[in-house]
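Here are my notes for a first look through this one. Have the viewer open beside you while you read.

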Amino acid sequence: MVPDSKTVALAALRMAMSETREEESALKQKFLADNIKTVAVDYGGDYLASIKKLVERAIVASKREGVIHDSHGDEGAVAGATREALSQIMPKATGLNIGGKIGIAHRGDHLSVAVFFGVGLLHLDEVAVGLGHRVAPRS
């Protein structure tokens with residue numbers, strides 16, 4: 001049996017790596033059948049200038065799509081997991097532009113946020129992946 005934390009983390013990663021809206025929608029339905037609520041958010045811009053916006057977008061999208069409740073604890077879980085994921089790509093991304101997606105997944109007590117970004121300048125891209133996990137109990 002695969003632990004829920006790993007299952008939810010994998011769902012967040014798959015959402016972040018989806019390439020089209022159609023793929024994103026199909027994944028969302030697949031995960032919902034497994035009682036995993038998910039959402040993905042596209043983003044591009046300067047890494048350092050974007051950290052606050054990325055955290056805000058992750059929280060807003062999670063609430064809008066019903067991945068989390070409108071509560072201080074759930075918002076904090078998304079913010080913390082997003083910051084953790086972003087901190088993992090910081091060594092590659094500082095001073096450069098990023099472009100890609102944030103994937104968020106939640107089931108039971110487990111919430112994961114994954115980031116999958118191209119990092120670079122012009123056409124000289126590197127790829128970076130980050131993952132954060134928090135406890136966000138469903139009441």
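1. Contact here means heavy atoms within 4.5 Å, and buried means under 20% relative accessible area, with exposed over 50% and partly exposed in between (1.4 Å probe, protein chains only). Helices (H or I, at least four residues) and strands (E, at least two) are DSSP runs, numbered from the N terminus.

2. A word on the source before going further. This is a predicted model, in which local features need pLDDT of at least 70 and side-chain atom pairs count only at pLDDT 80 or more, while totals for chains, interfaces and linings use all residues. Residues are numbered from 1 along each chain as its sequence is written, and side-chain values use heavy atoms, with hydrogens and water left out.

3. Back to α2, residues 21-33. Its 13 residues reach 19 Å from first C-alpha to last, close to the 18 Å expected at 1.5 Å a residue (the expected span is 1.5 Å times one less than the number of residues). Which residues of α2 are buried? They are E24, L27 and F31. Down the axis of α2 these fall within an arc of 65°, so they line one face of the helix; the arc is that of the directions from the helix axis to the C-beta atoms. The face turned away from that side carries the exposed residues R21, E22, Q29 and A33. Just after α2, N35 has a positive phi of about 65°.

4. Helix α1 (residues 4-17) can be read in a similar way. It has 14 residues and reaches 20 Å between its end C-alphas, close to the 20 Å expected. Buried in α1 are V8, A9, A11, A12, M15 and A16. They sit on the same side of α1, because they cover an arc of only 155° around the axis.

5. Now the inside. A nonpolar core is a set of buried Ala, Val, Leu, Ile, Met, Phe, Trp, Tyr and Cys residues joined through side-chain atoms within 4.5 Å. The largest one has 30 residues, and L86, I89, I98, I102 and F117 have the most contacts inside it. At least two residues each come from β1 (37-46), α3 (47-64), α4 (72-93), β2 (97-107) and β3 (110-121), with α4 giving the largest share, 8 residues.

6. Apart from neighbours within four places in sequence, I102 is in contact with A16, V39, A40, V41, L54, V113, A114, V115 and F117. There is also a second, separate core of 11 residues, which includes V8, A11, I36 and A40.

7. On to charges. A salt bridge is a side-chain nitrogen of Lys or Arg within 4 Å of a carboxyl oxygen of Asp or Glu, and the count comes to 9. K63 pairs with D70 at 3.4 Å between the closest N and O atoms, and E75 pairs with K63 at 2.8 Å. K63 is partly exposed at 30% relative accessibility, whereas D70 is exposed at 65%.

8. Two more to look at. K92 and E126 meet in a salt bridge at 3.7 Å, N to O; K92 lies in helix α4 and E126 in strand β4 (residues 124-135), so the pair ties together parts 34 residues apart in sequence. Finally, R21, E24, D42 and K101 are linked in a network of salt bridges.
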